[in-house]
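This report describes the packing of one protein chain.

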Amino acid sequence: MRILWKPFGFSRILFKVESCRISESESLTLLVWTSQIQKLSRAPGIFLWDQRKRFSVMPEIETDQRDSALFSPPSNVRGMTKLDRTAFRKTVTIPVLKVRKEIVNKLMRSLKRAALQRPGIKRVIEDPEDEANRLIMLDPYKIITGDSFERAELSILKQLNVNPQISKYNLELTYENFKSEEILKAVLPEGQDVTSGFSRVGHIAHLNLRDHQLPFKHLIGQVMIDKNPGITSAVNKINNIDNTYRNFQMEVLSGEENMMTKVRENSYTYEFDFSKVYWNPRLSTEHSRITELLKPGDVLFDVFAGVGPFAIPVAKKNCTVFANDLNPESHKWLLHNCKLNKVDQKVKVFNLDGKDFLQGPVRKELMEQLGPLSKERKHSVHIVMNLPAKAIEFLNVFKSLLDGPSCNTELLPIVHCYSFSKDPNPAEDVQQRAGAILGISLEACSSVHPVRNVAPNKEMLCITFRIPAAILYKNQTLNLENHDDPPLKRQKTDK
């Protein structure tokens, strides 16, 4: 049973034809029937009766719904696992209007509604029977006969002395005429998810395929390369980011095996080996948001710096940056990118564990920044901790990190700590877990910013707060007026 029309109306009725094959000669007949029903649907009081004897008003069918019937790949590609581009050839019958070539441009402005709107297909072609004429391809779901034109369209045709008679044209569609989503929908099993989205990292398309897509992985990879200019390699993640260095194993599905890439983000250039470091193009907005919070002269400690997407833009604002990453490859490319973006004199780079970085270089610098001369300081100190699977656990390092008398509250460091949450109330969940590590309540003295949806029921968030002096300094008494809640029970951290 072939579905000729997509669902329409509020009751989602489907019109079906009890036939598995429709000849090309029959296609226009069906479209004539389609057009007449569309006209009836516009008349007030006209209803259609489906097989279940329910009434529904018929609105016009939307363009993307129409296209799936006539302009979909041939059915014989279903189940294909090795890409055969020649199997996507298909001939469809299209209505065309013959016009003199000298009036085509003037006429096309008035036939926008009626003309075929299909990417990759020319709307105007030469007439094989008369070189003085051109054929204007028309939308087969809107124009069947000369009576299908609207009054304004008929008026311009008459004005330009164009006969509104419709002719047929056999249009051959090939692999190049179909979108990636259409190809995958035709190839994968019916009813299965065919999402063709990916993260672009330079010339690399980074996919995260689901189990039912794996038998088609090489075909999917090649389609991504074919349909996205500039993509020369398609890879699939085959494990989670759960190792020490925050990178993941990947499989090259199609194209080049070269993982050395260059990306441009927010006017900055980054180069790295994608197979050995962490890079997420979906965090571009977040990198900008944090950068905008800092002012010239401020200090940034980037605990899990990666290849520099926080550190480099902040350094460009004439801030002092201390950037660290445990991964030797990230450390190498961080140094490289600092030079590439001409901020190597403003960024001090470290290759340490996050805890060692906080207890070493960060502690030393904070003792100077918040020391006796801190009253004269006007700049802010920020600490970014972008390791969402574990960063909250590192907050424990701030407890009694500094010696001596505390500085003014407004000079205390501001922490931006990232975390995942699967809780129904993710903001509250992150506040409770961070507060449990520090031994205080953060509900009244922190803000939580949603970063992105990672997966169904899994959110990435950033909690921002100023570290209380009673936490940061040794031998300080916690101000019970603001923090009178008992230590919160620590909840399981999503890794």
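Which residues of the largest nonpolar core touch the most other members? The model is predicted, and in it this core has 41 residues, of which Phe 301, Met 385, Leu 395, Phe 398, Val 415 and Leu 472 touch the most other members. Several elements each supply at least two residues of the core: the strands β15 (299-302), β18 (381-385), β19 (414-421) and β21 (458-466), and the helices α10 (354-369), α11 (426-438) and α12 (469-472). In soluble globular proteins, nonpolar side chains tend to be buried together.

With neighbours within four places in sequence left aside, Leu 395 is in contact with Met 385, Val 415, Cys 417, Ala 434, Ile 437, Leu 438 and Phe 465.

**The chain as a whole**

The protein has 12 helices and 21 strands. Of its 495 residues, 49% count as buried. Among contacts between residues at least 6 apart in sequence, 67% join residues at least 24 apart. The count of disulfides comes to zero.

**Aromatic rings and charges**

The model contains nine aromatic pairs. In one of them, Phe 88 and Tyr 175, the ring centres are 5.5 Å apart and the planes stand at 65°, so the pair is edge-to-face.

Elsewhere, ring pairs link Phe 301, Phe 322, Phe 350 and Phe 357 into a cluster. Phe 301 is also one of the core residues that touch the most other members.

Tyr 175 also has a charged group over its ring, that of Arg 85. Lys 458 is placed over the ring of Phe 420. The table gives the distances.

| Charged residue | Ring | Distance from charged end to ring centre |
|---|---|---|
| Arg 85 | Tyr 175 | 5.6 Å |
| Lys 458 | Phe 420 | 4.5 Å |

**Helix α4**

Which residues of α4 are buried? In this helix, which covers residues 151-159, they are Glu 153, Ile 156 and Leu 157. Viewed down the axis of α4, the buried residues fall within an arc of 105°, so they line one face of the helix. Arg 151, Ala 152, Lys 158 and Gln 159 are exposed on the other side of α4.

What do the buried residues of α4 pack against? Their partners are β5 (90-100) and α3 (104-108). After α4 comes Asn 161, which has a positive phi, near 60°.

**Leu 335 in helix α9**

Leu 335 belongs to α9, which spans residues 328-340. In space, the C-alpha atoms of Leu 335 and Gly 308 are 8.6 Å apart, while in sequence the two residues are 27 apart.

How values were computed: Residues are numbered from 1 along each chain as its sequence is written. This is a predicted model: local features need pLDDT of at least 70, side-chain atom pairs count only at pLDDT 80 or more; totals for chains, interfaces and linings use all residues. Side-chain values use heavy atoms; hydrogens and water are left out. Buried means under 20% relative accessible area, exposed over 50%, partly exposed in between (1.4 Å probe, protein chains only). Helices (H or I, at least four residues) and strands (E, at least two) are DSSP runs, numbered from the N terminus. The arc is that of the directions from the helix axis to the C-beta atoms. Contact means heavy atoms within 4.5 Å. A disulfide is a pair of cysteine sulfur atoms within 2.5 Å. A nonpolar core is a set of buried Ala, Val, Leu, Ile, Met, Phe, Trp, Tyr and Cys residues joined through side-chain atoms within 4.5 Å. Rings of Phe, Tyr and Trp (its six-membered ring) pair if their centres lie within 6.5 Å; planes under 30 degrees apart count as stacked, over 60 as edge-to-face and the rest as tilted. A charge sits over a ring if NZ of Lys or CZ of Arg is within 6 Å of the ring centre and within 35 degrees of the ring normal.
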